[in-house]
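Q: Can we go through this one together? I'd like to start with the metal sites and then look at the voids.

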Amino acid sequence: MSTSNESSINASLWARVSAVGRESLTPNAQIINTPFVGSDLTVVPSSSAFGAVARIVRLNALEPVDVFRLLRIRTRRADDLSALMTFSHAAQAALASALRLQGVPPTWNLTAWFPFQASSELLKPGWTFRYCPQCLHSGYHTLLHQLPWFQRCPWHGTQLRRECLRCGKKQMVLADWAFDANLTCACGHAPLSTRAALRRASGPPSGAADFIAEYLVWAAAERARNVLIVPELPEDTESALAELVHLPRDWMLQRGVTEGRLHRRTWRARRSVQSADREAIRHLDVLRHDRPGFLTVPSAIRNAIAGVAANLALKLPPSTLTDREMTLFLAGAGIDAPKCFEPAKRAFSGTLSALPPWELAGKQFLNLACLHPVAYRAVVGLCDVAQVGRSLFDFHGQATDAELELLTRVCGHLLARGYAEGLRATLSRHIPVLYEFGRDAPHLTKPWILASRDHTRLVRVRAVWKPMAFSGSAEELLEAEDQANLRREGRPRKRNQRGKLRQ
Ligand SMILES: [Zn+2]
Ligand SMILES: [Zn+2]
């Protein structure tokens, strides 16, 4: 009886074993499937590629040379391993293959975390490793910790760091470490603990996976709506993005407080717009030229532009503008010089008189040479986002009044601000006292813009202006930009060409 039982058990066991296949019976099977301790990434939800490497290096006591020998990731000792694992497709593919993953996990790509359409290369210049000390202690790092619009770890509430907690030096992430001490600082502080990393329970808190899943869904929905317009030669990208991206209110406490020092503004489409100026966007098309010369100011923007010139003229100290110059600065606003105005005792300046908008035959013309190109190229970028690949003709035919009004309103603001800054900068050569004007002292900024579309309709625009870093004066920078525009046009430069109407 017992013999027949045994044989039937053996037979069923054999049947099960045959169904599984031979290779899973070999003593090496476990090693083939998970070649490294810590390669089960489900323990570390949406870990960054760098986080996965750091953890595997520590738990398997790998040396720098093993990164190529075992993981097939090409590195040099001077490489920032965090930047390499974030931006190198080859390195990510090698790691995925070494870990026997089905392709590169989408969350290793920065763009999966962006709530706007932009290239992942956006954060590459000046990339530094940023981490939550509590998460990294147990070997966990996620790209969420790198996002500039989070200042704190969402589940620990800890301030995210770039530096060593003990000595304050930049956190060590080079592909160069002493045995069993990757990430350990020269001061001896070890942000990653082997013991903590080995304990499964000491990974990120249980809510982390849920929060990340919720965040990624939100980011994907936002990405479908939002387009980021990055200025030329972007500087200090992270602080601009920290101000530009707004997280859902429920998450605000978790992200921490931003410094909020930048000037920013949000515009929304209005519900009832009677009729928009349909010519406005057509006029702005001139801004696409390398050196656009003069803009025929759309009627919706004329008051704003004229106001910039008049306001500045009225603020100037006595005896800076001549009578005729003052008249030109105030003409667009339709006002006369105040009784207390004291004209300068010098000859009329052709250069100064070219700076206010020209009122001619019922139209207004703005000399674009006194605007920094980032101001009007932002306008072009925004028009492109609104047009969504359509020709100007098709766009005009399909755009609603509300959309056109929003676009014109924002373009007007961008131009008026660029003009106000450019005007002060250009005038400062002739009127150095402008540098004592505090908030109004010459300075230049770059706009960063987040444009939101509902399907193809532009519905909201948000902008932040980052102060421009430059050596020399703002006026010299404008002059240099104008020369660069001229070179783009491939024309020889004539002296004193600025300010003269090009035919
Ligand atoms: Zn944390
Ligand atoms: Zn240190």
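Q: How are the donor residues of the zinc ion (ligand 2) spaced in sequence?
A: They run C-x2-C-x17-C-x1-C. C164 and C185 both lie in the loop between α7 and α8, so that pair ties together parts 21 residues apart in sequence. Helices here are DSSP runs of H or I with at least four residues, strands are E runs of at least two, and both are numbered from the N terminus.

Q: Ground rules before we go on?
A: This is a predicted model: local features need pLDDT of at least 70, side-chain atom pairs count only at pLDDT 80 or more, and totals for chains, interfaces and linings use all residues. Residues are numbered from 1 along each chain as written, chains are lettered from A and ligands numbered from 1 in written order, and side-chain values use heavy atoms, without hydrogens and water.

Q: Which atoms coordinate the zinc ion (ligand 2)?
A: The SG atoms of C164, C167, C185 and C187, at 2.2 to 2.3 Å. Donors are N, O and S atoms within 2.8 Å of the metal (3.2 Å for Na, K and Ca); water is not among the atoms, so sites may look incomplete.

Q: What is the geometry there?
A: Tetrahedral, with angles of 103 to 115° among the four donor atoms. Four donors get that label if all angles lie between 85 and 135 degrees. The ideal for four tetrahedral donors is 109.5 degrees.

Q: Are C164 and C185 buried or exposed?
A: C164 is buried at 2% relative accessibility, and C185 is buried at 8%. Buried means under 20% relative accessible area, with a 1.4 Å probe and protein chains only.

Q: Now the zinc ion (ligand 1). What are its protein donors?
A: C132 (SG), C135 (SG), C153 (SG) and H156 (ND1), 2.0 to 2.3 Å away. The four donor atoms subtend angles of 101 to 113°, so this arrangement is tetrahedral. C135 sits in helix α7 (residues 133–137) and C153 in the loop between α7 and α8 (194–198), 18 residues apart.

Q: Switching to voids. How many cavities of 30 Å³ or more turn up?
A: Six, in a search of the whole structure. A cavity is a set of points, on a 1 Å grid over the protein atoms alone, where a 1.4 Å probe fits but cannot get out; lining residues have an atom within 4 Å of a point.

Q: How much space lies in the second largest cavity?
A: About 90 Å³, the volume being the space filled by probe spheres set on the grid points, which are joined across faces, edges and corners.

Q: Which element gives the most to its lining?
A: α18, with five residues.

Terms used: Tetrahedral: all angles 85-135°; square planar, octahedral: opposite > 155°, others 65-115°. Buried < 20%, exposed > 50% of the residue type's maximum accessible area, 1.4 Å probe, protein only. 1 Å grid on protein atoms, 1.4 Å probe; cavity = no way out; pocket = protein on both sides within 12 Å on 5 of 7 lines; lining within 4 Å.
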